[in-house]
Amino acid sequence: MLKPLQVLGAPALLLLVAACASTAPPAATIRSSALTAPADLQLLCAGEAATRFSVAADKVLPSASRPGTVAGTFEVDVRLPIGGARCIIDDKGSIVSLERS
C-alpha cells in the first residue's frame with residue numbers, strides 16, 4: 001500500500017515546504033537606528049530614572065525612543081514599576097530633562 005506522500009511525489013512535497021516559508025520582508029522587522037535612540041543612551045536614561053525616582057535599576061526599562069524636537073537630542077520613554085517617565089538626552093549622553101509622564 002502506498003503512503004499519501006509517495007503518491008504525490010517530490011514536486012508536491014516541495015510545494016508543501018515552500019508554502020511554509022515566510023513571505024514578510026526582512027526590512028519590516030528591522031528598526032532603523034535613525035528613528036530610535038542608541039541603546040547606550042536609552043540605558044543611561046533608565047539608570048538615571050532609577051536613581052532619581054528611587055527604584056531598583058532592574059525594574060526600570062526603556063520602552064520607546066525617537067528623535068527629540070531639538071537637533072542632537074532623543075526622547076526616551078522609560079517604564080517604571082508604577083507609571084513611567086520621559087527622558088530627553090543629547091547625543092553625547094547628557095540628560096537634558098527627566099520627568100514622570
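User: In β3, which residue is the bridge partner of V76?

Analyst: First, the general idea. Helices (H or I, at least four residues) and strands (E, at least two) are DSSP runs, numbered from the N terminus. Two strands pair if DSSP finds at least two bridges between them. Here, V76 has C87 as its bridge partner in β3. T73 is bridged to D90 of β3.

User: What should I know about the model and the numbering?

Analyst: The model is predicted, so local features need pLDDT of at least 70 and side-chain atom pairs count only at pLDDT 80 or more, while totals for chains, interfaces and linings use all residues. Residues are numbered from 1 along each chain as its sequence is written, and side-chain values use heavy atoms, with hydrogens and water left out.

User: Which pattern does the chain follow along the sequence?

Analyst: The pattern is α-α-β-β-β-β. That is two helices and four strands.

User: In what order do the four strands form the sheet?

Analyst: The order is β1-β2-β3-β4, in an open sheet with antiparallel pairing. β1 (61-67) and β4 (95-100) are at the edges with a single partner strand each, so one side of each lacks a neighbour in the sheet. On average, neighbouring strands are turned by 20° against each other, direction ignored. Axes here are lines fitted to C-alpha atoms, for helices over the stretch in contact; angles run from 0 to 180 degrees between N-to-C directions.

User: How many bridges join β1 to β2, and how many pair β2 with β3?

Analyst: Six bridges join β1 to β2, antiparallel. P67 is bridged to F74 of β2. Strand β2 (residues 73-79) and strand β3 (residues 84-90) pair over seven bridges, also in the antiparallel sense.

User: How many residues lie between the strands of each hairpin?

Analyst: The β1 and β2 hairpin has five residues between its strands, and G72 in the turn has a positive phi of about 85°. The β2 and β3 hairpin has four; G83 in that turn has a positive phi of about 85°.

User: Is β2 largely enclosed or open?

Analyst: Start with the cut-offs. Buried means under 20% relative accessible area, exposed over 50%, partly exposed in between (1.4 Å probe, protein chains only). Six of the seven residues of β2 are buried, so the strand is largely enclosed by the rest of the structure. Of the chain's 101 residues, 25% count as buried.

User: Which strands does helix α2 lie across?

Analyst: Helix α2 (residues 39-52) lies across β1, β2, β3 and β4, at about 55° to β4.

User: Where is V60 placed, and which residues does V60 touch?

Analyst: V60 is in the loop between α2 and β1. V60 counts as buried, at 4% relative accessibility. Contact means heavy atoms within 4.5 Å. Leaving out residues up to four places away in sequence, V60 touches A46, A49, A50, V55, V78, R79 and L80. The C-alpha atoms of V60 and A49 are 7.5 Å apart, and the two residues are 11 apart along the chain.

User: What sits over the ring of F53?

Analyst: A charge sits over a ring if NZ of Lys or CZ of Arg is within 6 Å of the ring centre and within 35 degrees of the ring normal. Here the charged end of R100 sits over F53, 4.6 Å from the ring centre.
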